[in-house]
Amino acid sequence: MFVNTEKKLIWKNGSFEDWNKSNVHILSHTLHYGTGVFEGVRAYKTSDGAAIFRLIEHTNRLFDAASTIGIKIPYTKEELNNAQCEAMKSNNLSEGYIRPIVYLGNEGLGLRAKDLSVNVAIAAWEWPSYMDPKAKEKGISIIKSSHTQYENPIHSGNKIIGTYFSNTMALHEALDNGADEALMMDKNGFISEGSGENIFLVKDNIIYTPTTDNCLNGITRQSVIAIAKDLGFKVNEENLTYDDLVNSDEAFFTGTAVEITPITTLDNKPINQGERGSLTAQLQQKFEDIVSGNNKSYRSWLTYT
């Protein structure tokens, strides 16, 4: 839930406007056809002030995604990096979630998207935890979804608005069946991801994660792989089956919103006796040290506002 919105501001097309007065025209091309891109970015409280986690990488992906669907963003990467920092400061946030979005205007409607304005907005707000905070220790339950990951290769490395309907359906199905999240399979029957998270499993102290052929190559995913290797763990990216997850010693999701969250139940059956695994806990602690600014080896991952 959004709070204190009457005091918040949203950056849009170069200036700030009141949160509650910010709007998009009903005939915006993006509303009708999904022609737009977005990012999910997290900022953390540190002893040196608010720090945005891997801001440069998120903005690079925003531009790459826009380029993939033929949208030219009318700002430089540096301008949008600065705007995200300003969105944090203008809303007096010491930590929070940042949502940049690029969308097409309402100068015309129809599949022809030529000569439409390209708009950019950035919102920032308090979002201390996507999941129940207790989930970081106790873990969450997931079920295998009947909805296959969207069969479109542009989804693999991009956050494109029109490619997320399968994810929403999968999550709603999971929630309706009493689970916290969904497990989505790819078009070949291998594990893909959660509805909005990457997935990892552990077997015999080796970490496994799906290839990015049919899932998002998440920035938190990339970070966790790097952290795990720095800690001396072997990480294999390969096609994984449902049975691989069933027989795993531990499993966890990664993502900007969930950070590192253990998976302790799969289709009502426990993983690791229904408890968070020790390797998962170790990665969580390392990640927390990094985002809170307490690990100087990863300082380049933080942009202070």
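Contact here means heavy atoms within 4.5 Å. With that in hand, asparagine 81 touches Leu55, Ile56 and Thr59, if residues up to four places away in sequence are not counted.

Before going on, the ground rules. This is a predicted model, in which local features need pLDDT of at least 70 and side-chain atom pairs count only at pLDDT 80 or more, while totals for chains, interfaces and linings use all residues. Residues are numbered from 1 along each chain as its sequence is written, and side-chain values use heavy atoms, with hydrogens and water left out.

Back to asparagine 81. The residue lies in helix H3, residues 77-90. Helices (H or I, at least four residues) and strands (E, at least two) are DSSP runs, numbered from the N terminus. Asparagine 81 counts as buried, because its relative accessibility is 13%. The cut-offs are these: buried is under 20% relative accessible area, exposed is over 50%, and partly exposed is in between, with a 1.4 Å probe and protein chains only. The side chain of asparagine 81 also makes a polar contact of 2.6 Å with the side chain of threonine 59. A polar contact is a pair of N or O atoms within 3.5 Å; within protein, one must be able to donate a hydrogen and the other to accept it, and residues adjacent in sequence count only if both atoms are side-chain atoms.

Now the chain as a whole. The protein chain has 8 helices and 17 strands. Its radius of gyration is 19 Å, close to the 19 Å that the globule rule gives for 305 residues, so the chain is as compact as a globular protein of that length. That radius is taken over C-alpha atoms, and the rule is 2.2 Å times the number of residues to the power 0.38. The C-alpha atoms fill a box of roughly 55 × 45 × 30 Å along the principal axes. Of the 305 residues, 51% are buried. For contacts between residues at least 6 apart in sequence, 68% join residues at least 24 apart.

Next, histidine 58, which lies in helix H2, residues 55-68. Is histidine 58 buried or exposed? Histidine 58 has a relative accessible area of 2%, so it is buried. Its side chain is joined to that of glutamate 39 by a polar contact of 2.7 Å. Leaving aside neighbours within four places in sequence, the contacts of histidine 58 are Glu39, Gly40, Val41, Phe53, Ile219 and Thr256.

On to the strands. Two strands pair if DSSP finds at least two bridges between them. Strand E8, residues 140-144, has 4 of its 5 residues buried, so the rest of the structure largely encloses it. E1 and E2, by contrast, run antiparallel and are joined by 4 bridges. Lysine 12 has serine 15 in E2 as its bridge partner. This hairpin has 2 residues between the strands, and asparagine 13 takes a positive phi near 55°.

Last, the aromatic rings. Rings of Phe, Tyr and Trp (its six-membered ring) pair if their centres lie within 6.5 Å; planes under 30 degrees apart count as stacked, over 60 as edge-to-face and the rest as tilted. The count comes to 12 aromatic pairs. One of them is phenylalanine 2 with tryptophan 19, edge-to-face, 5.1 Å centre to centre and 70° between the planes. Phenylalanine 2 sits in the segment before strand E1 (9-12) and tryptophan 19 in the loop between strand E2 (15-18) and helix H1 (29-33), so the pair links parts of the chain 17 residues apart. Phenylalanine 2 is partly exposed at 49%, whereas tryptophan 19 is buried at 12%. Tryptophan 125 and tryptophan 127 have ring centres 6.2 Å apart and planes at 20°, so that pair is stacked. Phe2, Trp19, Tyr97, Trp125 and Trp127 form one aromatic cluster.

Two charges also sit over rings. The rule asks for NZ of Lys or CZ of Arg within 6 Å of the ring centre and within 35 degrees of the ring normal. Arginine 54 lies over the face of tryptophan 301, at 4.2 Å from the ring centre. Lysine 144 lies over the face of tyrosine 242, at 5.1 Å.
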